[in-house]
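Please read the points below with the model open beside you.

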Amino acid sequence: MNVTRNVFTISDLSNWMDNRDLVVNHNYQRSQGLWPPNARSFFIDTILNGFPFPKVIIRQTVNLKTRKSVREIIDGQQRLTSIHDFINNKMTLTKVSELFSGMKYADLEEEKQKDFLSYEVSVDTIIGASEEEILEVFRRMNSYTLPLNEPEKRHAIFQGEFKWFISDLSKKYNPMFESYKIFNTKQLSRMEDTDLITDMCQVLDIGIEKRINSKLSDLYRKFDLTFPVKDEYNQKVSETLDYIKIEFADLCNDYSLPGYTLYSLFAAMIFNRWGIQGLQPTAVANFESIGVYLNDKEAAINNLNTLFKAVELDDETGPYSEYVKANKKSTGNKGSRITRTKWLVAALQNEIQRVTMARQ
């Protein structure tokens, strides 16, 4: 078995498919049409914007009767068939393609059509391989593939409105998450930020709950086909994260807040401005929503600094011990989340002493 590594233009690959010089080997490939429209559109958008995608693997044999080379797609059917359908105007890009939504290939400007056709695809061509060797190729490919984590699974399974909404917010706030060290590059690459944003949307949907993967998946399922509250959720999440990014920049830089603290700060700000469904007043020291994020910015920052400093010092015996403990163990439990939110609501409303006195 020999493997040659080349790059071929999309034009070459599409012409081969037109002429049946490149075909799908259904013994190895899943059925066509597996990718839904949004996934296919996002892939085409990847090419149109010049981003790379994983290499394609082709098996090349010789038909002894015709003495003609036969190329079979071993890995990359969905990618190549999407490309071929797009070139032949058999698909229209959905709104996940921001710049080209609603377009077919024929609708592109001539220069963009040329760029698309000349895009180079990395291809491994396996020559002279037996069926057993091809199967071994698949076994080895799968053996070193990193298993999908929960957010990656959700983004692979769901392709509807909510998935792309979360994807857009992730792209928008990744720089903030990385700059404030909420997530590192590896965590961002494994989509852990999408988990946090989904958790925030759950606050808007059903309130503060225990962090459970199946419940987050339920949110994707609920809004997969239609997402009637998209504009509302986008406004509330974006405005709140933008406020944190700008007005609390020094706090975020000084303390490198973990994701669970950012979640609770978000929840506290949502509570103050709009309220949170199902959150009993007694759970948050009988505080009420005030229609704004905070009463006094300087006082709120001082109060938040006090709480974050107590956590940093691991002060479990001081006046903020309850808040400190809620940041240490079972941070995803409903009780810990509500406790953190209560203290952060108090800090933002400049009523932190009220909670402190109530505990004495």
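1. Helix α2 meets helix α3 through Arg40, Phe43, Ile44 and Ile47 on the α2 side and Arg79, Thr81, Ser82, Ile83, Asp85 and Phe86 on the α3 side. Contact means heavy atoms within 4.5 Å. The residues of this contact divide into five nonpolar, two polar and three charged. Here Ala, Val, Leu, Ile, Met, Phe, Trp, Tyr, Cys and Pro count as nonpolar, Asp, Glu, Lys and Arg as charged, and the others, Gly among them, as polar.

2. This is a predicted model, in which local features need pLDDT of at least 70 and side-chain atom pairs count only at pLDDT 80 or more, while totals for chains, interfaces and linings use all residues. Residues are numbered from 1 along each chain as its sequence is written, and side-chain values use heavy atoms, with hydrogens and water left out.

3. Helix α2 (residues 37-48) packs against α3 at an angle of about 80 degrees, and their axes are 10 Å apart. Axes are lines fitted to C-alpha atoms, for helices over the stretch in contact, and angles run from 0 to 180 degrees between N-to-C directions. The angle makes α2 roughly perpendicular to α3, a term for angles of 65 to 115 degrees. Helices (H or I, at least four residues) and strands (E, at least two) are DSSP runs, numbered from the N terminus.

4. Five strands form an open sheet with mixed pairing, in the order β1-β5-β3-β4-β2. Two strands pair if DSSP finds at least two bridges between them. The edge strands, each pairing on one side only, are β1 (2-9) and β2 (22-24). From one strand to the next, the twist averages 35 degrees.

5. Strand β1 pairs with β5 (residues 120-127) in the antiparallel sense over eight bridges. Arg5 has Asp124 in β5 as its bridge partner. Helix α3 (residues 77-87) packs on the sheet and touches β2, β3 (56-63) and β4 (68-75); the direction of α3 makes about 110 degrees with that of β4.

6. Which residues does Ala346 touch, not counting those up to four places away in sequence? They are Phe287, Glu351, Ile352 and Val355. Ala346 is found in helix α16 (residues 334-348). Ala346 counts as buried because its relative accessibility is 0%; buried means under 20% relative accessible area (1.4 Å probe, protein chains only). Thr356 lies 10 residues from Ala346 in sequence and 9.7 Å from Ala346 in space, C-alpha to C-alpha.

Conventions. Angles under 35 degrees count as roughly parallel, over 145 as roughly antiparallel, 65 to 115 as roughly perpendicular and the rest as oblique. Buried means under 20% relative accessible area, exposed over 50%, partly exposed in between (1.4 Å probe, protein chains only).
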